Amino acid sequence: MQLESAVLEDEGNVLRLRGAECDLRFHGIWLRDNAQDAATRDPGNGQRLITLADLPEDCALAEAHIDRRKVHVTFAADGKQVVFDAAWLIRHGYDIPHDRTTGRLPELAEVWDSGLSRSLPTGALMDMQANRAALRDWLVALRRYGFAKVTGLGQEPGALFDIVDLFGYVRETNYGRHFEVRTEVNPVNLAYTGLGLQAHTDNPYRDPQPTVQVLACLENSARGGENMVIDGFAAAQRLRDEDATGFALLTQYCARFSFTGSAGVALHSRRPMIELSPDGQLQALRFNARSAAPLVDVPFDKMAGYYAAYRRLSTIIDDPGMEVRFKLSPGEAFVVDNTRVLHARKGYSGAGTRWLQGCYADRDGILSTLAALEVEA
């Protein structure tokens, strides 16, 4: 894509750039704020050295022209000259139509249902440790689906940290750096039962909520106990398509979540069950019946409708057609984007044991590592 002309409009307050495949406008204040010169941006780390208060009140342009792949501009107030890379301006153009569909997916995300079972996104730990392309491909899948498996993991306690080391850091909580999911069939204590768990996002009572969860298998000899994952964004969009009013209620009013199950811990949060950005993009889904607190932020005349939508969302989440099911073997793990993907387990019985370890991390580590890998590619 190549630029062919630079024209000043609106008394120099707007720069219009035209090419065979583009027609973009930029405000003078935007150009001044995003200047790439050493007085505006640190040459080493790219951080901005100024604030808006340092800019002239009048950021109109006096002159602009294109020289090969560079755009040269001069500001009228103080004669400051700035050179922009044309490709950079095209990439950051904002004079384009924006999709404001309510409940739309984040960029590069893809919804899924049980059909994903035929081709689970999976990476081999040793390959990802040794090959940056293999790591990039696995992270791409994790960004796209919000879920991915890992094979070839060590079978000793703490091996799950090797997964987090691929992209970021463990987020420590009151459970410690990791937590045990260790239950036995015919236990001496009912706390260690094989009961199934409804699909849920973890720790919605935290603020901020952990955005990544890792679960790794050390032992799994019991019958049953399959893991399940469900795309919460797919569930939210299905609710929107079936009941737009109910969907809106779950986005407009806050649910509450709480956990006070151990001494010295009293965790509470107040967030929408379905969270949207201001322009309507899906941001997060919080669903966990076990830690839901009483709803007190929904007006009386909306409460019945809210509960109807909540019930419908729960039914969608429980639909077998939405779930991907698999049974982990020792040395296998899976990673979920905890702002999007719900996880669960089926009940199990018979002889044997089931021992998983889990930990939390942060999604920004995944996105940062992936962005750096994509630049290398």
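Phe26, Trp30, Phe84, Trp88 and Tyr94 form one aromatic cluster; rings of Phe, Tyr and Trp (its six-membered ring) pair if their centres lie within 6.5 Å, and planes under 30 degrees apart count as stacked, over 60 as edge-to-face and the rest as tilted. This is a predicted model, in which local features need pLDDT of at least 70 and side-chain atom pairs count only at pLDDT 80 or more, while totals for chains, interfaces and linings use all residues. Residues are numbered from 1 along each chain as its sequence is written, and side-chain values use heavy atoms, with hydrogens and water left out.

**The chain as a whole**

- The protein chain contains nine helices and 22 strands; helices (H or I, at least four residues) and strands (E, at least two) are DSSP runs, numbered from the N terminus.
- The C-alpha trace of the protein chain spans about 80 × 60 × 45 Å along its principal axes.
- Of the 377 residues in the protein chain, 47% are buried; buried means under 20% relative accessible area, exposed over 50%, and partly exposed in between (1.4 Å probe, protein chains only).
- Among contacts in the protein chain with a separation of 6 or more, 74% join residues 24 or more positions apart; contact means heavy atoms within 4.5 Å.

- Three strands make an open sheet in the order 1-2-3, with antiparallel pairing; two strands pair if DSSP finds at least two bridges between them.
- Strand 1 (3-9) and strand 3 (22-27) are the edge strands, each with a single partner strand, so one side of each has no neighbour in the sheet.
- On average, neighbouring strands of this sheet are turned by 20 degrees against each other, direction ignored; axes are lines fitted to C-alpha atoms, for helices over the stretch in contact, and angles run from 0 to 180 degrees between N-to-C directions.
- Six bridges join strand 1 and strand 2 (residues 14-19) in the antiparallel sense, and Leu8 has Leu15 in strand 2 as its bridge partner.
- In general, strands of a sheet pair through backbone hydrogen bonds, either parallel or antiparallel.

- Helix 4 (residues 132-145) has 14 residues and should span 20 Å at 1.5 Å a residue, which agrees with the 20 Å between its end C-alpha atoms; the expected span of a helix is 1.5 Å times one less than its number of residues.
- Asn131 caps the N-terminal end of helix 4, with a side-chain oxygen 2.8 Å from the backbone nitrogen of Ala133.
- Gly146, which follows helix 4, has a positive phi near 75 degrees.
- The buried residues of helix 4 include Leu135, Trp138 and Tyr145.
- In helix 7 (residues 244-252), the buried residues are Gly246, Phe247, Leu249, Leu250 and Thr251.
- These buried residues of helix 7 pack against helix 6 (232-242), strand 15 (267-272), strand 16 (274-276) and helix 8 (300-318).

**Aromatic pairs**

- The structure holds 15 aromatic pairs.
- One of them is the tilted pair of Phe179 and Tyr360, at 5.3 Å centre to centre and 35 degrees between the planes.
- Phe179 belongs to strand 9 (residues 179-184) and Tyr360 to strand 22 (residues 353-361), so the pair ties together parts 181 residues apart in sequence.
- Phe179 counts as buried at 16% relative accessibility, and Tyr360 is buried with a relative accessible area of 3%.
- The ring centres of Phe326 and Phe334 are 5.3 Å apart and the planes stand at 80 degrees, so this pair is edge-to-face; both residues are buried.

- His343 is placed in strand 20 (residues 341-345) and counts as buried at 6% relative accessibility.
- The side chains of His343 and Asp202 make a polar contact (3.3 Å); a polar contact is a pair of N or O atoms within 3.5 Å, where within protein one must be able to donate a hydrogen and the other to accept it, and residues adjacent in sequence count only if both atoms are side-chain atoms.
- Beyond its neighbours within four places in sequence, His343 is in contact with residues including His200, Asp202 and Phe334.
- Gln209 lies in the loop between strand 10 (197-200) and strand 11 (212-220), and at 9% relative accessibility Gln209 counts as buried.
- Arg286, in the loop between strand 17 (282-285) and helix 8, counts as buried at 8% relative accessibility.
- The side chain of Arg286 makes a polar contact with the side chain of Glu275 (2.8 Å).
- Not counting residues up to four places away in sequence, Arg286 touches residues including Gln209 and Thr201.
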